[in-house]
Amino acid sequence: MARFVTTGRTGTVALVLSDITNPVFFDLVRGAERTTALEGQTLVVAETQGSSVIEQETVDRLLPTVDGIILASSRLDKDQIRNLSEQKNIVLVNRNVDAVPCVLPQLQPGIREAVNHLAGLGHTSLAFLPGPTAIWMSRQRLKLLQEEVARVGMSLVATSPAEPTMEGGRKALAEVLDTGATAVIAYTDLMAIGLLLACKDEKIPVPGKLSIIGFDDVFGSRFTSPPLTTIRTPLALMGEEAVRRLTAENSEEITLPSGMLQTEFVLRKSSGPSPQAAQS
């Protein structure tokens, strides 16, 4: 506080997350912490429990005490975010709002490779298990999936939105099976893992009857049975980039080289030939 009185800055940066127990944020936090430490700053991490109301309340409490705030996968609406950006330096991660600095992964490389992989294995029908409608990144992944499946002549059905948790994935099994799809891509690895566990409980062979692909490549996804095929997101680099943009005089001048934030398809054992292709 003494430093704030003399310089107008506290040397503290806040990172606001929806769920601190979600492993998708582990590398993001690590990347952000590594960069704040290098710059002689302190990182404060706050959780919103997936609630836009709690997120707004949390940010309001943080505003007077930090130099800037990183909002990861924010569920606030555009007007709320713009209002915050007028009061304090704000950087968004996995979210895009006009005129607000943001860090986004390049989705197409990983999604295109995943769709090519499934098409090459004889799959013609794909289901997408989305996150809550308030999550911008879930909508973007669905949009790009629609473009990619159309490119290869596959069909795509999106199931009902679910929480990005293992329980959200578990509860989606019946609806996924009702689509008739032979493959499914989940919004997150946790949802994919929950779906995988539900299949195991119901003795549905994976990938024999249903191929499952996750998103983000969180810690633990390679230790499932079978190990989870997924689309890796460069979360640590995104955390580093978010801090650089937050603390730069001109955030547009501080960017990683083109291609550094690309998603990447990671082939493991939860995806395989479609049942029809396996029988032929």
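This is a predicted model: local features need pLDDT of at least 70, side-chain atom pairs count only at pLDDT 80 or more; totals for chains, interfaces and linings use all residues.

Residues are numbered from 1 along each chain as its sequence is written, and side-chain values use heavy atoms, with hydrogens and water left out.

As background, most residues other than glycine have a negative phi, and most peptide bonds are trans. Helices (H or I, at least four residues) and strands (E, at least two) are DSSP runs, numbered from the N terminus.

**Cis peptide bonds**

- Going from valine 206 to proline 207, the peptide bond is cis, and its omega is near 10°.
- You can find proline 207 in the loop that links helix H9 (189–201) with strand S9 (211–213).
- A cis peptide bond also joins serine 225 to proline 226, with omega near 0°.
- Proline 226 sits in the loop between S9 and strand S10 (230–232).

**Positive phi without glycine**

- Serine 73 is not a glycine, yet its phi is positive, at about 50°.
- Look for serine 73 in the loop between strand S3 (68–72) and helix H4 (78–87).
- With 12% relative accessibility, serine 73 counts as buried (buried means under 20% relative accessible area, using a 1.4 Å probe and protein chains only).
- Asparagine 94, which is not a glycine either, has a positive phi of about 60°.
- The loop between strand S4 (89–93) and strand S5 (102–103) holds asparagine 94.
- Asparagine 94 is buried too, its relative accessible area being 9%.

Note on methods:
Buried means under 20% relative accessible area, exposed over 50%, partly exposed in between (1.4 Å probe, protein chains only).
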